[in-house]
Amino acid sequence: MKTSWRTASLVASAAAVLALTTACGQDTAPPPASQNVGATAGAGDVGSIGAGQAGGAQASAPPSDTAGELNVSTDAELGKVVTDSLGLTLYRFDQDTAEPPASNCEDDCAKTWPPVPAEDATAGEGIDKALLGSVDRADGTKQLTVAGWPAYRYVKDVNAGDVKGQGVGGKWYALNPQGKKAQAADRPGLSTREDAKLGEIVVDGNGMTVYRFMKDEAWPKPVSACTGACLEKWPVVSPVDFEDTKGIQEKGYMTFTRPDGADQQTINCWPIYTFAGDKAPGDTNGQGVGGTWYAVRPDGKPVGASEK
């Protein structure tokens, strides 16, 4: 029976963790989780994107100021996504929280990603009414939540069924009916694609390009030098089980714990990131930024840069 990339037994996963958390530069016992002790990256190292907005999109047509009856639409790549009464896709923002519900998209961000009003939202076919709620915004309005996640529209979605906001900035994703991120069901958490200019490079589960920071360290243990504001532009890649990868080198495939408690994935022990300046799958806008950020080969080597 055919299984998806995301299906793996608990026993296999446990064995993979033991095998893949081998100390960097060694082939024997696994090391303890390492901490980030690197210096904070300077502004010139992280690139420049619009602060507070993903992609800096400008409104081309204002969406409806009501939500109406919510429904489920099926996208050919993403599967089931939540839509409003006009068929416009609803999105969630990674910098928000669901427990408790809180929105961190204000001012210019809210112009690009208009919050969905909660007052008239109702559950249509395929929507669980119990998952719908609201959160009070700073301006006193109530924003719709789905499973606790504040819901937004995207100004570049002008036709029913558009999903142009998917993956924008590595932080915006269509909502599925359970409030989770909609994504291609059969796409591995990490895989490779052939780029016309860069050759074979690593991409995440949403097809977004994965990068390395040349100020990081891999041996004798992973250390990230991207902290603070750097992380707003270069979000870390969260742990991905090796069973959920395709075409990635197994040796040195491990995770480590950052000072804030978050776990970050590595390839060949090198910490990996996405770039908020990449607007859509296939973008490589982070390549060469600051002379320190480069796309990643399946063996963890940087594209177009020499190893230390």
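**A loop residue and what follows it**

Modeller: Happy to! With a relative accessibility of 27%, Q183 counts as partly exposed; that class lies between buried, under 20% relative accessible area, and exposed, over 50% (1.4 Å probe, protein chains only). Do keep in mind that this is a predicted model, in which local features need pLDDT of at least 70 and side-chain atom pairs count only at pLDDT 80 or more, while totals for chains, interfaces and linings use all residues. Residues are numbered from 1 along each chain as its sequence is written, and side-chain values use heavy atoms, leaving out hydrogens and water.

Q183 sits in the loop that runs between β10 (172-174) and β11 (190-195); strands here are DSSP runs of E, at least two residues, numbered from the N terminus. In sequence, Q183 and L78 are separated by 105 residues, yet their C-alpha atoms are 4.7 Å apart in space.

As one of the contacts to look at, L190 has D204 in β12 as its bridge partner.

While you have the model open, look at the disulfides too (cysteine sulfur atoms within 2.5 Å): the structure holds two. One joins C226 to C230, S to S 1.9 Å. This link of C226 and C230 is left-handed, with -110° about the S-S bond, and both cysteines, C226 and C230, are buried.

Definitions and conventions: Helix = DSSP H or I, 4+ residues; strand = E, 2+ residues; numbered from the N terminus. Pairing = 2+ DSSP bridges.
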